[in-house]
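I opened my notebook to get to know a new structure. Here is what I looked up, starting with the core and then turning to the charged pairs.

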Amino acid sequence: ARLFCNAHDYNNTTMPEIGLPTNQLFDFILLLKRKLWWMIIPALAGIAGSLVALCFIPKRYQSWTKVEVHDVRFEDDPQFKNAQLSPYKDLQNVSARILSTDALIKVISESLQWGDYLAIASNPEKRKTYLEEVVERTKIDRAKKDKDQGNDYITITYKDEDPRRAAAFVMALRDHWTS
């Protein structure tokens with residue numbers, strides 16, 4: 001904006017300009033239009049890097065099965081609260097029996113005959129580490145009953161990079177438990 005001293009001479013006056021505050025949003029939009037590529041390139045590089053990193057992360061497939069638990073009642077079952085009427089055990093005890101070292105060795109080496117386990121079976125330290133990893137990937141939970149009475153059910157879930165291997169493991173573990 002210019003200040004004018006003489007109202008009659010509009011075109012020939014040269015007065016100093018007064019610094020007024022500028023519209024900062026407008027300046028930012030102009031800067032964004034001029035330097036937009038400086039903002040787009042790092043964002044695109046970050047997205048591309050994330051996609052490349054996701055390609056190298058192994059996928060985990062999950063397989064599960066539902067198993068009937070015979071002769072075991074869970075302690076929070078209202079029908080069997082009295083321990084004198086029926087023996088009860090908790091989920092931790094049931095899962096410890098299913099995931100015992102002997103049961104896992106029998107399932108993995110005899111039923112499934114996994115080559116990676118058979119290659120390290122003679123080394124006790126590697127075998128222990130391998131079985132700990134199998135137990136870590138396996139989850140046992142209590143399943144809902146279909147009815148209020150009857151036997152309880154559990155679900156056995158296993159995560160692996162190969163979906164067929166995961167399914168074979170839970171089926172072999174279920175078969176071992178039911179036999």
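**Entry: the core.** I looked for the largest nonpolar core and found 24 residues in it. By a nonpolar core I mean a set of buried Ala, Val, Leu, Ile, Met, Phe, Trp, Tyr and Cys residues joined through side-chain atoms within 4.5 Å. Those with the most contacts inside the core are Ile98, Ile108, Ile154, Ile156, Phe169 and Leu173. At least two residues each come from β1 (61–69), α3 (91–98), α4 (101–112), α5 (115–120), α6, β3 and α7 (163–178). Helix α7 gives the most, with six residues. My helices (H or I, at least four residues) and strands (E, at least two) are DSSP runs, numbered from the N terminus. A general note for myself: in soluble globular proteins, nonpolar side chains tend to be buried together.

**Entry: how I read the model.** This is a predicted model, where local features need pLDDT of at least 70 and side-chain atom pairs count only at pLDDT 80 or more, while totals for chains, interfaces and linings use all residues. Residues are numbered from 1 along each chain as its sequence is written, and side-chain values use heavy atoms, with hydrogens and water left out.

**Entry: Ile98.** Which residues is Ile98 in contact with, leaving aside its neighbours within four places in sequence? I found Ala103, Ile140, Ile154, Ile156, Leu173 and Trp177, where contact means heavy atoms within 4.5 Å.

**Entry: salt bridges.** Searching the whole structure, I found eight salt bridges (a side-chain nitrogen of Lys or Arg within 4 Å of a carboxyl oxygen of Asp or Glu). One of them joins Arg137 and Asp160, whose closest N and O atoms are 3.2 Å apart. Arg137 lies in helix α6 (residues 124–137) and Asp160 in strand β3 (residues 152–160), so this pair ties together parts that are 23 residues apart in sequence.

Is Arg137 buried or exposed? Arg137 is buried, with a relative accessible area of 14%, and Asp160 is buried too, at 4%. My cut-offs are under 20% relative accessible area for buried, over 50% for exposed, and partly exposed in between (1.4 Å probe, protein chains only). I also saw that Arg137 and Asp160 belong to a salt-bridge network with Asp116, Glu133, Glu161 and Arg165.

**Entry: two further pairs.** Asp162 bridges to Arg164, with the closest N and O atoms 3.9 Å apart. Asp162 is partly exposed at 29%, whereas Arg164 is exposed at 67%. Arg174 pairs with Asp175 at 3.2 Å between the closest N and O atoms. Arg174 is partly exposed at 26%, and Asp175 is partly exposed at 40%.
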